[in-house]
Amino acid sequence: AVVSTQSTGSKWTLESICCLVGVVFVSGVFSGIYLWTAELAPTSHRGSIFALGSGAARIGSFLGPYIFNNLKPITHKSVPLAMMAVLSFLGAVGSFLLVETGDKETALTGEDIVTRRKSYRYRI
């Protein structure tokens, strides 16, 4: 499907529209993960955990375009998008295994996390 714009004459494909919508969702998920990290990390370790997460995000933001631009000449154009769709689906399924923190106090030390994990059972 092609949606044409009147003013510039450029063509918007379904692929480009889906990619733009995906960028919006990725930004929202990144904000959610950033906030959740503050709840899960004990106060004594929070700075190191934020630094590790920020570093991983920067490495991922560099490697993503590099890998997918190098895949473009040797594969069909749907392969990188399918890979991202599968990884996104696995991330969504994995999010159901995260710990609920709504009714618990913020952990102050690593021992608080160990105590919390002993009493928690995964409910799938």
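Predicted model: local features only at pLDDT ≥ 70, side-chain atom pairs only at ≥ 80, totals over all residues.
**Exercise 1. Find out how much space the largest pocket holds, and what lines it.**

Step 1: Start with the volume. The largest pocket holds about 1800 Å³ of space.

Step 2: Trace the lining back to its elements. Two or more lining residues come from each of α1 (14-40), α2 (46-71) and α3 (78-94). The largest share belongs to α1, with 16 residues.

Step 3: Sort the lining by class.

**Exercise 2. Describe the second largest pocket and its lining.**

Step 1: Begin with the volume again, which is about 170 Å³ for the second largest pocket.

Step 2: Name the lining residues. They are Leu40, Leu98, Val99, Ile113, Arg116, Arg117 and Tyr120.

Step 3: Ask which helix gives the largest share. Helix α4 (residues 110-119) does, with 3 residues.

Step 4: Sort this lining too. Here 5 residues are nonpolar and 2 are charged, while no polar residue takes part.

**Exercise 3. Work out how α1 and α2 are arranged, and which residues bring them into contact.**

Step 1: Recall what to look for. A pair of packed helices is described by the angle between their axes and the distance between those axes.

Step 2: Apply this to the pair. The axes of α1 and α2 lie 10 Å apart, and the packing angle is about 160°.

Step 3: An angle over 145 degrees counts as roughly antiparallel, so α1 is roughly antiparallel to α2.

Step 4: List the partners. From α1 come Phe30, Tyr34, Thr37 and Ala38, and they meet Arg46, Ile49, Phe50 and Ala57 of α2.

Step 5: Classify the residues of this α1 contact with α2: 6 are nonpolar, 1 is polar and 1 is charged.

Definitions and conventions
Residues numbered from 1 in each chain as written. Heavy atoms only, no water. 1 Å grid on protein atoms, 1.4 Å probe; cavity = no way out; pocket = protein on both sides within 12 Å on 5 of 7 lines; lining within 4 Å. Points joined across faces, edges and corners; volume = space filled by probe spheres on them. Helix = DSSP H or I, 4+ residues; strand = E, 2+ residues; numbered from the N terminus. Nonpolar A, V, L, I, M, F, W, Y, C, P; charged D, E, K, R; others polar. Axes fitted to C-alpha atoms, helices over the stretch in contact; angles between N-to-C directions. Parallel < 35°, antiparallel > 145°, perpendicular 65-115°, else oblique. Contact = heavy atoms within 4.5 Å.
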